[in-house]
Amino acid sequence: MANLQLSPDLSDALAHRNLVIFWGGDLPQALTGLPSRQDLAQRLAARINYQGRDNSLEAVAQAFAAGQHGFTNELNRIIIRELDEQRHQPQLVHRLAAQLPASHYIVTAYDGLLEDALRDQRRPYNYPIIAGVSVGNLDLLNGNLPTLIWLYGRVREQQSLVLTRDAHLRLVNDPANAGLLNYVRTIMRVNTLLFIGYDLSDVDFELLYTHVLTTAGPLMRRAFAVQPGLDPYQRLTWQQRNVELIDADPLAVLSSLLDLPLPPASDLQSPTPNPQSPVSGLRSPVSNPRSPISGL
């Protein structure tokens, strides 16, 4: 696979371990093995004969929940069945991303295959953080290990899923999430951000940008987004927001990043983690990956 000419800012971020990867759910199923957000929206829409103009997953999920008198249990069960992780393994795109010396993975996809890829490579990482479920003490995270944060929940914790428009608004307005969102905004201000798996024209990314990115204040570093095929107007819009678009296949981008100069392998390992921390420490590579509370 031919290497791309990527910005020196990305090479610098890798060398200094200040790359933060935002991992979205818009990658095609051909890459991830799982349906994308748009695939999920279309399947939900077919179930309820949805006729709305907004075809985003948030809008269709909102309409589905309205038909269930506001309850989301059935909606959650459908999404869990569609993203049945028991039948899927990490794909090449997950394995490549897991090899990068990123300091954080901010995940808005609902599956846990990225974590599984880290575990399969026996790469230590902090105990995963899921908004509304397992936040813990963020001050005790081991800074030498990558941290995975699921902002929109994941299927392993059914009640954590953020699917409807209302749920997105609750996420950012609930005081219980203030500490986590402020933590995310802080690391965004001082690190280089790379967005993979997002459709920048989709309402999901606009919600993320509006409620998380813009409230973080001006980005001190240029951000990057892997987004093939945006028109010139959209490209200019995101450039004005200090987001440079990479018009290339995600696999090519990840492969090229891995070919850039990296820190020594020893820098990716941690000494003994703080045993008193309820959050930090090695996530055991041999623990049960399906258990939300398996070993630190």
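## Salt bridges, cavities and confidence

Asp 120 is partly exposed, with a relative accessible area of 43%. In this predicted model, Asp 120 pairs with Arg 119 in a salt bridge, their closest N and O atoms lying 3.3 Å apart. Arg 119 counts as buried, because its relative accessibility of 16% falls under the 20% cut-off.

The whole structure holds 15 salt bridges. Three of them are set out here.

| Pair | N to O distance |
|---|---|
| Glu 82 and Arg 43 | 2.6 Å |
| Arg 165 and Asp 54 | 3.0 Å |
| Asp 120 and Arg 119 | 3.3 Å |

Arg 43 is partly exposed, at a relative accessible area of 34%.

Arg 165 and Asp 54 also meet through their side chains. This pair links distant parts of the chain, 111 residues apart. Arg 165 belongs to helix 8, while Asp 54 lies in the loop between helix 3 and helix 4 (57–67). Arg 165 is partly exposed, with a relative accessible area of 25%. Asp 54 is partly exposed too, at 31% relative accessibility.

Next come the spaces. The largest pocket holds about 320 Å³. It is lined by 18 residues, and Gln 159, Ser 160, Leu 161, Val 162 and Arg 170 are the closest to its centre. Helix 5 (73–82) and helix 8 (165–173) each give the lining at least two residues. Helix 8 has the largest share, with three residues. By class, this lining has nine nonpolar, seven polar and two charged residues.

There are two cavities of 30 Å³ or more. The largest cavity has a volume of about 140 Å³. Its lining has 16 residues, with Gly 24, Gly 25, Pro 35, Ala 109 and Asp 111 nearest the centre. Eight of the lining residues are nonpolar, five polar and three charged.

How far does the predictor trust the model? The protein averages a pLDDT of 81, and 80% of the residues score at least 70. Confidence is highest in helix 6 (residues 92–99), at a mean of 97, and lowest in helix 10 (residues 203–213), at 67. Over residues 265–296 the pLDDT is below 50. In the model, that stretch has 74 contacts beyond near neighbours in sequence.

Conventions
Residues are numbered from 1 along each chain as its sequence is written. Side-chain values use heavy atoms; hydrogens and water are left out. pLDDT is the predictor's confidence in each residue, from 0 to 100. Helices (H or I, at least four residues) and strands (E, at least two) are DSSP runs, numbered from the N terminus. Contact means heavy atoms within 4.5 Å. On a 1 Å grid over the protein atoms alone, a cavity is a set of points where a 1.4 Å probe fits but cannot get out, and a pocket is an open set with protein on both sides within 12 Å along at least five of seven lines; lining residues have an atom within 4 Å of a point. Grid points are joined across faces, edges and corners, and a volume is the space filled by probe spheres set on the points. Ala, Val, Leu, Ile, Met, Phe, Trp, Tyr, Cys and Pro count as nonpolar, Asp, Glu, Lys and Arg as charged, and the others, Gly among them, as polar. A salt bridge is a side-chain nitrogen of Lys or Arg within 4 Å of a carboxyl oxygen of Asp or Glu. Buried means under 20% relative accessible area, exposed over 50%, partly exposed in between (1.4 Å probe, protein chains only).
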